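Visitor: I'm new to reading protein structures. Could you walk me through this one, feature by feature?

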Amino acid sequence: MKFVLLFSLIGFCWAQYDPHTTNGRTAIVHLFEWRWVDIAKECERYLAPKGFGGVQVSPPNENIIINNPSRPWWERYQPISYKLCTRSGNENEFRDMVTRCNNVGVRIYVDAVINHMCGSGNPAGTSSTCGSYFNPQNREFSAVPYSAWDFNDNKCNGEIYNYNDANQVRNCRLSGLLDLALDKDYVRTKVADYMNYLIDIGVAGFRLDAAKHMWPGDIKAVLDKLHNLNTQWFSQGSRPFIFQEVIDLGGEAIKGSEYFGNGRVTEFKYGAKLGTVIRKWDGEKMAYLKRTGEGCWGFVPTDRALVFVDNHDNQRGHGAGGSSILTFWDARMYKMAVGFMLAHPYGFTRVMSSYRWNRNFQNGQDVNDWIGPPNNNGVTKEVTINPDTTCGNDWVCEHRWRQIRNMVAFRNVVNGQPFANWWDNGSNQVAFGRGNRGFIVFNNDDWALSATLQTGLPAGTYCDVISGDKVDGNCTGLRVNVGSDGKAQFSISNSAEDPFIAIHAESKL
């Protein structure tokens with residue numbers, strides 16, 4: 001009986017790190033600013049068949065409407081209430097999306113904005129996505145309700161200006177946003193009620209926005225109030241998956257490790273470092289990636305890390321990572337970076353799916369970084385699908401790029417296999433395997449790669465899943481012949497559109 005209790009307690013303690021994905025699926029995608037009706041369709045027609053484990057969705061709760069002159073993406077991060085109506089859709093559409101995605105084994109993770117409400121400088125009124133009245137000046141949010149008692153004005157009524165002062169970072173206002181008093185049980189209960197409503201609908205977990213700006217103990221107090229996941233889709237006693245936005249590049253008062261007890265943390269150093277290496281800045285080389293992970297560059301432990309090449313903030317120059325961050329605008333290097341991330345065993349991986357906007361750089365800063373999703377007079381456009389399976393209407397859909405979609409499959413195939421058979425040329429040509437299930441080769445040098453390498457894979461002919469697919473017993477791209485000794489010859493031009501090759505057990509003919 002003692003052993004049963006012990007194991008059940010261990011399971012409970014570890015539950016918040018488990019994304020609850022099905023069928024060995026190992027990566028999720030952020031469908032940034034997508035409508036609920038489009039996500040429901042995408043789960044059924046693409047994400048489930050291609051092996052994606054889940055979707056991070058934009059905040060589903062009521063937010064302020066900003067007209068300046070068009071509605072910016074960041075209005076989603078200025079809550080007015082916890083009602084489920086936004087430009088992504090209404091509550092019925094949200095419920096339908098969660099049900100349809102869960103029914104095909106694709107989980108939904110909500111971006112939960114619980115640190116704050118809208119900015120203090122906004123005028124009172126009903127200019128919000130559900131039409132609820134609010135008055136930031138007197139801290140009135142009638143649809144929750146919150147009042148002046150529910151904010152941290154008594155601790156700090158100004159902005160954060162010193163990130164080396166943990167008290168200021170967690171009690172003062174982030175960019176003028178009214179900071180909720182999460183040390184009060186009433187506020188904790190209101191936040192938990194919102195999250196529980198979503199859990200009961202069927203979401204699998206949460207990204208906690210601005211977690212760095214909340215005390216870890218306050219977050220834990222909220223998490224302790226949460227329900228178990230809906231048993232229609234999840235096993236009895238399952239706890240919501242938690243990943244916390246903690247920007248810790250080192251050198252500040254707050255560390256990501258302070259949040260490990262609550263769930264995983266977003267490892268921003270990963271994308272920043274990988275971007276620097278792929279760009280070959282600061283003397284970095286891909287050969288140095290041999291020691292990628294928690295033992296190198298100060299990354300958090302792999303079982304506490306959620307990793308990504310870029311996110312909705314830093315692809316616009318916000319958040320963390322600076323100009324080293326790779327995005328869809330740098331497609332050739334970006335595909336290599338995402339390919340490396342998905343092939344390497346470190347962390348739990350999230351792929352970005354973006355939209356285009358008209359960039360306008362002035363003094364090195366994109367003055368159009370605020371632009372919201374593709375829209376007609378503020379109404380978000382449908383995600384249309386072109387005959388070649390790419391997206392239209394200015395939706396980028398990186399997750400549909402063959403090279404990225406096939407590397408998500410690669411990660412699923414090699415799941416649980418050890419990092420193996422590393423090779424490098426001392427510069428920017430590298431290769432590594434995952435046990436006997438997969439092998440990947442990169443050429444990021446300014447000269448051709450030609451080498452015979454030990455793949456660790458069984459003998460046979462394999463389809464390269466970067467240049468093409470395995471279709472009806474044939475390869476639409478390159479073929480790789482692995483000999484009885486596990487070795488194969490690889491040739492990659494330095495001018496190739498995609499200068500990397502990947503093979504795995506299920507791409508074998």
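Predicted model: local features only at pLDDT ≥ 70, side-chain atom pairs only at ≥ 80, totals over all residues.

Visitor: Which residue does Arg139 form a salt bridge with?

Guide: Asp153 is the partner, and the closest N and O atoms are 2.8 Å apart. Arg139 sits in the loop between strand E5 (134-135) and strand E6 (140-141), while Asp153 sits in the loop between E6 and helix H4 (166-171), so the bridge ties together parts 14 residues apart in sequence. Asp153 is partly exposed, at 25% relative accessible area.

Visitor: How many salt bridges does the structure hold?

Guide: There are 29 of them. One is between Arg87 and Glu33, with the closest N and O atoms 2.7 Å apart. That pair links distant parts of the chain, 54 residues apart: Arg87 is in the loop between strand E2 (54-57) and helix H3 (91-103), and Glu33 is in the loop between strand E1 (27-31) and helix H2 (36-47).

Visitor: Are those two buried or exposed?

Guide: Arg87 is buried, with a relative accessible area of 12%, and Glu33 is buried too, at 0%. They also belong to a network of salt bridges that links Glu33, Arg71, Glu75, Arg76 and Arg87.

Visitor: What about a salt bridge inside a helix?

Guide: Here's the general idea first. An α-helix has 3.6 residues a turn, so residues three or four places apart point the same way. Now the case here: Asp96 forms a salt bridge with Arg100, and their closest N and O atoms are 2.9 Å apart. The two are separated by about one helical turn because they are four residues apart in helix H3. Asp96 is partly exposed, at 37% relative accessible area, and Arg100 is partly exposed as well, at 24%.

Visitor: Okay, and how do I read two helices that touch?

Guide: Two packed helices are described by the angle between their axes and the distance between the axes. Take helix H7 (residues 268-279) and helix H8 (residues 331-343): their axes come within 10 Å and cross at roughly 125°. H7 and H8 are therefore oblique to each other. The crossing of H7 past H8 is right-handed.

Visitor: Which residues make the contact?

Guide: From H7 you have Tyr270, Leu274, Ile278 and Arg279, and from H8 you have Met333, Met336, Ala337, Phe340 and Met341. Sorted by class, this contact has eight nonpolar, no polar and one charged residues.

Note on methods. Residues numbered from 1 in each chain as written. Heavy atoms only, no water. Salt bridge = Lys/Arg side-chain N within 4 Å of Asp/Glu carboxyl O. Buried < 20%, exposed > 50% of the residue type's maximum accessible area, 1.4 Å probe, protein only. Axes fitted to C-alpha atoms, helices over the stretch in contact; angles between N-to-C directions. Parallel < 35°, antiparallel > 145°, perpendicular 65-115°, else oblique. Left-handed = near helix turned anticlockwise from the far one by under 90°. Contact = heavy atoms within 4.5 Å. Nonpolar A, V, L, I, M, F, W, Y, C, P; charged D, E, K, R; others polar.
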